[in-house]
Amino acid sequence: SGDVPMSTVLDVISGKAEKDGKVKTSTGTATGSDSREVSQRKPFQPAQSIAEVLEFVQENATSLKAEDVHSAMLRLAVERFRNQRLMLLRDPRFELLSDAVIEHAPDLSASALPGVLFACSYLEYFPAKFTKPILSGIAKKLETKEFDGFHLSTITRSLGQLGIKPTKLLT
């Protein structure tokens, strides 16, 4: 059928693919000339390091999509070591991601918007420049009733953890 087996995709993402341009599959070896060639643009995966995520953001700064911004923020938020989180917030590549959050906030889906807000609360990072785009996005999604209960609880928890009172900010 020409589909790439999931094990092949995971091998490529995790870097287990051969360095000579060949990718091992369950049915043999696929090369660049095979119809099952794997895309070079890797999606974000939980195993990726902070440096790899920031490098991806830097390389694709002009072509990032809303899903990329959401995935990158969530991946960076899971970093549990405070010293690495502090270094992350000082990294100039993180500023590119912050700018992308502002740019893509109107395009974030009803599940991605709470995810970005959750990531901000986990990173303890919510600059003033995020206030209007994020809270306006939440207000629009509330008006159109796009959120599920889980989304609303995530938003409430995140706003509380960040100490934000949206009634004061949106008036």
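When I speak of a contact, or say that residues touch, I mean heavy atoms within 4.5 Å. What we have here is a predicted model, in which local features need pLDDT of at least 70 and side-chain atom pairs count only at pLDDT 80 or more, while totals for chains, interfaces and linings use all residues. Residues are numbered from 1 along each chain as its sequence is written, and side-chain values use heavy atoms, with hydrogens and water left out.

Let me start with His-70, which, leaving aside residues up to four places away in sequence, touches Leu-108, Ser-111, Ala-112, Gly-115 and Val-116. His-70 sits in helix 3, where helices are DSSP runs of H or I with at least four residues, numbered from the N terminus. Is His-70 buried or exposed? With a relative accessible area of 18%, His-70 is buried, since buried means under 20% relative accessible area, exposed over 50% and partly exposed in between, using a 1.4 Å probe and protein chains only.

Helix 3 itself covers residues 66–77, and its 12 residues reach 17 Å from the first C-alpha to the last, close to the 16 Å expected at 1.5 Å a residue, the expected span being 1.5 Å times one less than the number of residues. Nine of those 12 residues are buried, so that helix 3 is mostly covered, and among the buried ones are Asp-68, Met-73 and Arg-75.

Now to the neighbours of helix 3. Helix 3 and helix 6 pack at an angle of about 30°, with their axes 9 Å apart; the axes are lines fitted to C-alpha atoms, for helices over the stretch in contact, and angles run from 0 to 180 degrees between N-to-C directions. That angle makes helix 3 roughly parallel to helix 6, because angles under 35 degrees count as roughly parallel, over 145 as roughly antiparallel, 65 to 115 as roughly perpendicular and the rest as oblique. On the helix 3 side the contact includes His-70 and Met-73, and on the helix 6 side it includes Ala-112, Gly-115 and Val-116.

How do helix 2 and helix 3 pack, and at what angle? Their angle is about 160°, with the axes 10 Å apart, and helix 2 and helix 3 are therefore roughly antiparallel to each other. Residues making this contact include Val-53 and Phe-56 of helix 2, together with Asp-68, Ala-72, Arg-75 and Leu-76 of helix 3.

Finally, Met-73, again leaving aside residues up to four places away in sequence, touches Phe-94, Leu-97, Val-101, Ala-119, Cys-120 and Leu-123.

Technical notes. Helices (H or I, at least four residues) and strands (E, at least two) are DSSP runs, numbered from the N terminus.
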